[in-house]
Amino acid sequence: MLLSCIHFPELRLSARDGHKLRGYFGRLFQEHSPLLHNHFEDGSLRYAYPLVQYKVVNGVPMLLGLDEGAKLLVELFLQVRELTLEGQTYPILAKHIDSQEVFPGISDQLTQYRFATHWMALNQTNYSSYLRATEEERQHMLRKILTNHLVAFLKSFDALTEKPIMVLPALQQHQANFKNQPMLVFSGTFVSNVQLPNEVGIGKSVSRGFGTIQRCQ
């Protein structure tokens with residue numbers, strides 16, 4: 001599977017600006033492909049793992065593409081000369097582009113990952129259950145949700161096998177706002193036998209930059 005990542009090293013944004021990047025580039029290139037904004041021409045949502053993701057990691061804005069999304073990034077974003085967010089224009093003087101083949105799957109070895117951006121684990125259904133749960137129940141719930149998110153990722157790329165998935169998270173919860181609604185998000189690390197490409201997103205709202213993982217050295 002091809003992965004392409006474009007960094008804009010001279011720009012500095014906050015992590016919450018990921019959705020602004022998605023909005024800007026989605027509008028700029030909306031006629032090219034629904035992969036850029038996850039909407040089809042009739043306005044309906046594309047219900048699949050986002051193949052183009054917009055995120056800010058350690059203050060640096062970046063775009064990540066997988067499969068068809070990786071090819072789109074290389075084709076389209078070489079044309080980008082500036083970025084406009086909320087009326088402010090940022091000239092883009094440098095881009096770092098990296099393309100490589102990656103092979104997600106279930107391994108015989110364990111790897112430790114950290115969430116470089118907050119992981120959005122909970123939805124409307126399990127949010128209230130989480131609040132009512134004991135600490136032990138919460139940890140069990142988060143481990144199960146993370147396992148399900150990893151399974152969903154592997155399924156998206158036909159990389160799921162019958163091998164059991166092992167996950168051991170060490171997470172901290174934080175209060176955040178998403179679409180002007182208070183919610184809980186999580187930071188921290190996890191160990192798993194799932195092999196993940198560096199800087200892909202896991203969980204909810206990955207196209208906006210949530211759940212970006214990095215391998216721990």
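Let me start with a question: does Glu86 count as buried or exposed? Glu86 counts as exposed, because its relative accessibility is 68%, and the cut-off for exposed is over 50%. Keep in mind that this is a predicted model.

Now, what does Glu86 do with its side chain? It meets the side chain of Lys20 in a salt bridge, at 3.2 Å from N to O. Lys20 sits in helix H1. Glu86 sits in the loop between E4 and strand E5 (88-91). The pair therefore ties together parts that are 66 residues apart in sequence.

How many salt bridges does the structure hold? Two. The Lys20 and Glu86 pair is one of them. Lys163 and Asp108 also form a salt bridge, with the closest N and O atoms 3.6 Å apart. Here Lys163 lies in the loop between helix H4 (135-156) and strand E8 (167-178), while Asp108 belongs to strand E7 (residues 105-115), so this pair ties together parts that are 55 residues apart in sequence. Lys163 counts as partly exposed, at 40%. Asp108 is exposed, with a relative accessible area of 73%.

On to the sheet. It is open, with four strands in the order E2-E3-E1-E6, and the pairing is antiparallel. Which strands stand at the edges? Strand E2 (52-57) and strand E6 (96-101). Each has a single partner strand, so one side of each is left without a neighbour in the sheet. On average, neighbouring strands are turned by 20° against each other, direction ignored.

Zoom in on one pair. Strand E1 (residues 2-7) and E6 pair in the antiparallel sense, over six bridges. In that pairing, His7 stands opposite His96 in E6.

Next, the helices. Helix H1 (residues 18-28) lies across E2 and strand E3 (60-66), running at about 140° to E2. Helix H2 (residues 68-76) packs on the sheet as well. H2 touches E1, E2, E3 and E6, and its direction makes about 130° with that of E3.

Last stop, the surface. Which residues form a nonpolar patch there? Val74, Leu78 and Ile97, with about 220 Å² of accessible area together. Leu78 lies in the loop between H2 and strand E4 (82-85). Leu78 is partly exposed, because its relative accessible area is 44%.

That's my tour. Over to you.

Definitions and conventions
Residues are numbered from 1 along each chain as its sequence is written. This is a predicted model: local features need pLDDT of at least 70, side-chain atom pairs count only at pLDDT 80 or more; totals for chains, interfaces and linings use all residues. Side-chain values use heavy atoms; hydrogens and water are left out. Two strands pair if DSSP finds at least two bridges between them. Helices (H or I, at least four residues) and strands (E, at least two) are DSSP runs, numbered from the N terminus. Axes are lines fitted to C-alpha atoms, for helices over the stretch in contact, and angles run from 0 to 180 degrees between N-to-C directions. Contact means heavy atoms within 4.5 Å. Patches are made of residues with over 30% relative accessible area and no salt bridge: like charges are joined within 9 Å, nonpolar side chains (Val, Leu, Ile, Met, Phe, Trp, Tyr) within 5 Å. Accessible areas come from the Shrake-Rupley method with a 1.4 Å probe; for residues, only the protein chains shown count as cover. A salt bridge is a side-chain nitrogen of Lys or Arg within 4 Å of a carboxyl oxygen of Asp or Glu. Buried means under 20% relative accessible area, exposed over 50%, partly exposed in between (1.4 Å probe, protein chains only).
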